[in-house]
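Thanks for making time this morning.

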Amino acid sequence: MEERAHYRELDARYYMQAFSRTMLIVKGAGSKVWDAEGNEYIDCVAGIAVCSTGHCHPAVVRAICEQAHELIHCSNLYYVPHQAELARKLAEITGLSRAFLVNSGAEANEAAIKLARVATGRKQFVAFRDCFHGRTMGSLAVTHKPAIREPFEPLEPKCTFVDYGDAGALRNAVDENTAGVFVEAVQGEAGVILPPEGFLREVREICDETGALLIADEVQTGMGRTGTWLAMHQHGVQPDIVSLAKGMASGFPVGAIVAREGLAFTAGQHGSTFAGGPLACAAALATIGVIEEVLPGVAAKGKRFAEGLAAYNPRAIGLMVGIPVGDRCPEVQKTCANRGVLVNCAANGNLRLVPPLTITEEEIDRTIEVLHAALG
Ligand SMILES: *Cc1c(COP(=O)(O)O)cnc(C)c1O
C-alpha cells in the first residue's frame with residue numbers, strides 16, 4: 001500500500017482528528033522538505049514561521065546533539081545550562097530587561113497574563129478583533145475568533161475586543177481595570193494584516209496614559225521574521241512585555257516572555273517543569289546565532305517576494321507575506337503543493353507565506369513562478 005494512505009488510516013484510527021492534514025512529510029533540509037513518496041517541496045509554511053533557520057540547520061542539530069550527550073533535563077530547582085545566556089540574549093535583542101522561558105506561544109501569553117495581573121493588581125484585558133494568542137484557556141480568553149473560543153466559554157480573564165487599527169475604540173475600552181492590552185505588530189493568523197501607520201504608537205500612548213501594560217504578542221512576528229528582531233521596533237514602539245515562541249529554536253519547543261525593568265515574577269509566582277531546559281536553550285542560542293547572520297538580508301528577500309507578486313496585491317513585511325485570494329485559497333494551496341511549493345491559508349481567504357529566513361533567491365523566484373501558475 002502507498003505509504004501515505006497507510007499512515008492516514010493509522011492517524012484516523014488512533015489520533016484525535018483535530019486537524020485536516022494532507023501529506024506525510026518525512027525529511028527536511030534548508031528550505032526544502034520531502035514527503036513519504038519522495039516529492040520535493042519548497043517550504044513556505046516552515047512549521048508556520050517556526051523553522052526560521054530552515055530545516056535541520058547544521059548549527060542547530062550540532063547544538064542539540066552536543067547538549068543531549070551532556071544533560072537532557074534538569075529541574076528549574078537548579079541553575080540550567082545555557083538558560084541564563086539565552087535570557088541575556090533575549091534581553092539584548094528585545095531591548096528589554098528580564099526573560100522567563102516557557103514551552104509554547106500560548107504558554108508565553110499565559111505567563112504575560114499572570115505577570116500583568118500580578119504587576120498591576122488589575123484583572124481585565126483588551127485585545128483586537130481577529131487576533132490570535134493561543135488555545136489554552138487563558139490565551140483563548142484573549143483570542144477573538146468566535147469559532148474557536150465559544151465552545152469553551154466561559155473564559156477567564158475578561159477581555160474586550162476592538163477593531164485592529166481603531167485607536168479611538170481602544171481609548172474607550174481601556175480603563176483603570178485594564179491590566180494589559182494584547183497586540184500583534186502584524187496580525188498573522190488573520191492573514192498578515194498590517195497595522196495602519198501610527199497605530200501602534202497610539203496603543204503605546206493609551207497604555208502610558210492608563211497604566212495598562214502593552215503586551216506585544218510577537219510569537220509569529222518576532223525573532224527576525226519581519227526583518228528586525230521585533231516587528232514593534234519598526235514602529236518605534238517598545239512593549240512592556242513581549243511574548244515569543246515560533247521562530248525561537250528552529251522547531252524545538254520553546255517560548256518566552258521578556259519584560260521591561262521592574263516587571264518580573266518573584267519567588268513562587270510562576271514555574272514549569274520542562275520550560276527553559278538545556279536542550280531548548282541550546283537550540284535557541286544556536287538559532288539566534290544563525291538569525292544574526294541572515295537578518296540583514298531578510299528585508300530584501302521580502303521585497304523580492306512583494307515585487308514578484310505585485311500583481312496580486314500582496315501585503316508583506318520581511319518574510320511574512322499575505323496574498324488575498326478569497327474562496328480559491330484551498331485550491332491555490334493544493335495547486336502550489338502539486339507544483340512543489342508549500343503555502344497555507346490563513347483566515348479570510350489569505351494565502352500566507354512564512355518561509356525560512358535562510359531561503360535563497362532562487363527558491364524565492366521558483367516560488368513566485370509557481371504562484372503565478374496557480375493564481376494567473
Ligand atoms: C502561533 C501563535 C500563538 C500560539 O502559539 P502556540 O505555540 O501554538 O501555542 C500565539 N500568538 C500568535 C501571534 C501566534 O501566531
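Let me begin with what I mean by a cavity: on a 1 Å grid over the protein atoms alone, a cavity is a set of points where a 1.4 Å probe fits but cannot get out, whereas a pocket is an open set with protein on both sides within 12 Å along at least five of seven lines, and in either case the lining residues are those with an atom within 4 Å of a point. Grid points are joined across faces, edges and corners, and a volume is the space filled by probe spheres set on the points. Please keep in mind that this is a predicted model, in which local features need pLDDT of at least 70 and side-chain atom pairs count only at pLDDT 80 or more, while totals for chains, interfaces and linings use all residues. Residues are numbered from 1 along each chain as its sequence is written, and side-chain values use heavy atoms, with hydrogens and water left out.

How many cavities of 30 Å³ or more does the rule give? The count comes to one, and the space in the largest cavity is about 40 Å³. Its lining is made up of Ala49, Ser52, Val219, Gln220, Gly222, Met223, Arg225, Gly247 and Leu357. If we take Ala, Val, Leu, Ile, Met, Phe, Trp, Tyr, Cys and Pro as nonpolar, Asp, Glu, Lys and Arg as charged, and the others, Gly among them, as polar, then this lining has four nonpolar, four polar and one charged residues.

Turning to the open spaces, the second largest pocket has a volume of about 650 Å³. It is lined by 25 residues, of which Asn76, Gln83, Ala99, Phe100 and Leu101 are the closest to its centre. I name helices (H or I, at least four residues) and strands (E, at least two) as DSSP runs, numbered from the N terminus. On that naming, helix H4 (83–94), strand E4 (98–102) and strand E10 (255–259) each give at least two residues to the lining of this pocket, and E4 has the largest share, with four residues. By class, the pocket lining has 17 nonpolar, seven polar and one charged residues.

Now the helix packing, where axes are lines fitted to C-alpha atoms, for helices over the stretch in contact, and angles run from 0 to 180 degrees between N-to-C directions. H4 packs on H10 at an angle of about 35 degrees, with the axes 9 Å apart. The crossing of these two is left-handed, a term used if the near helix is turned anticlockwise from the far one by less than a right angle, with right-handed used if clockwise. Taking contact as heavy atoms within 4.5 Å, Gln83, Glu85, Leu86, Lys89, Leu90 and Ile93 of H4 meet Cys281, Ala284, Leu285, Ile288 and Glu292 of H10. Those contact residues divide into seven nonpolar, one polar and three charged.

How is H3 (residues 58–70) placed against H10 (residues 278–294)? Their axes come within 8 Å and cross at roughly 155 degrees. The two helices are therefore roughly antiparallel, given that angles under 35 degrees count as roughly parallel, over 145 as roughly antiparallel, 65 to 115 as roughly perpendicular and the rest as oblique. H3 passes H10 in a right-handed crossing. On the H3 side the contact is made by Ala59, Val60, Ala63, Ile64, Gln67 and Ala68, and on the H10 side by Pro278, Leu279, Ala282, Ala283, Ala286, Thr287 and Val290. This contact holds 11 nonpolar, two polar and no charged residues.

To finish, a few words on the backbone. Glu153 and Pro154 are joined by a cis peptide bond, with omega about 5 degrees, and Pro154 lies in the loop between helix H7 (146–149) and strand E6 (159–162). The bond from Glu156 to Pro157 is also cis, with omega near 0 degrees, and Pro157 is placed in the loop between H7 and E6. Asp130, a residue other than glycine, has a positive phi near 70 degrees, and lies in the loop between strand E5 (124–128) and helix H6 (137–141).
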